[in-house]
Amino acid sequence: MWEASGNDNIWIIKPASNSRGNGIHLSRDCDAILNTSEGITNRIVQKYIERPLICGKTSVKRLLNRKFDLRQWVLVTSYSPLRIFRFSECYLRICSECYEPQQIKQLQRHLTNYSFNKQHFSNQADSVASLDELKEVLKIEYDYDYDTELLPRIDEIIKQVIRNCS
């Protein structure tokens with residue numbers, strides 16, 4: 001059996017060349033994923049993060065019980081020597097429905113892609129949250145400081161990704 005971290009063995013399958021959330025689905029059946037490869041030349045299969053950070057008591061209501069991802073802009077001006085600049089701001093993209101890990105067919109609970117979710121938001125501004133809102137949530141809900149604890153980890157991830165791509 002193919003599995004990796006997580007009790008539900010959920011995998012996310014994405015067409016490598018599509019965008020806007022088209023063609024993405026979740027599955028627990030690795031054999032079915034392998035058997036549906038006929039006719040699909042390029043796809044990405046990733047282990048789904050089954051235990052994402054979910055805010056349960058935040059004052060930022062649009063984050064309440066919703067899955068989100070962090071979007072950070074990075075500029076690489078040179079590979080030798082390696083020169084990377086991280087934009088000082090980032091933002092969060094938010095799922096349009098509350099997170100329910102067992103509901104893998106209801107993608108609006110799992111995908112943060114705005115093009116996919118826009119019909120579920122009454123206002124486009126509700127689909128994103130700011131860095132300040134994330135900092136508030138982390139501090140209040142988890143007693144976690146973004147600047148001293150998370151940002152250094154983000155910087156290290158950026159460096160490792162760029163090193164592996166060069």
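What follows covers helix packing, cores and cysteines in turn.

This is a predicted model, in which local features need pLDDT of at least 70 and side-chain atom pairs count only at pLDDT 80 or more, while totals for chains, interfaces and linings use all residues. Residues are numbered from 1 along each chain as its sequence is written, and side-chain values use heavy atoms, leaving out hydrogens and water.

Start with helix H3 (residues 131-142) and helix H4 (residues 146-165), which pack at an angle of about 115° with axes 11 Å apart. Helices here are DSSP runs of H or I with at least four residues, and strands are runs of E with at least two; axes are lines fitted to C-alpha atoms, for helices over the stretch in contact, and angles run from 0 to 180 degrees between N-to-C directions. H3 and H4 are therefore roughly perpendicular, a label for angles of 65 to 115 degrees. In H3, Leu131, Leu134, Lys135 and Leu138 meet Tyr146, Asp147 and Leu150 of H4, with contact meaning heavy atoms within 4.5 Å.

Leu134 and Tyr146 also belong to the largest nonpolar core, where they, Leu63, Phe68 and Leu92 touch the most other members of the 17. Such a core joins buried Ala, Val, Leu, Ile, Met, Phe, Trp, Tyr and Cys residues through side-chain atoms within 4.5 Å. H4 gives the largest share, 5 residues.

Finally, the structure holds 0 disulfides, defined as cysteine sulfur pairs within 2.5 Å. The sulfur of Cys95 lies 9.9 Å from the closest cysteine sulfur, in Cys98, too far for a bond. Cys95 is buried at 0% relative accessible area, whereas Cys165 is exposed at 59%; buried means under 20%, exposed over 50% and partly exposed in between, using a 1.4 Å probe and protein chains only.

Key. Angles under 35 degrees count as roughly parallel, over 145 as roughly antiparallel, 65 to 115 as roughly perpendicular and the rest as oblique.
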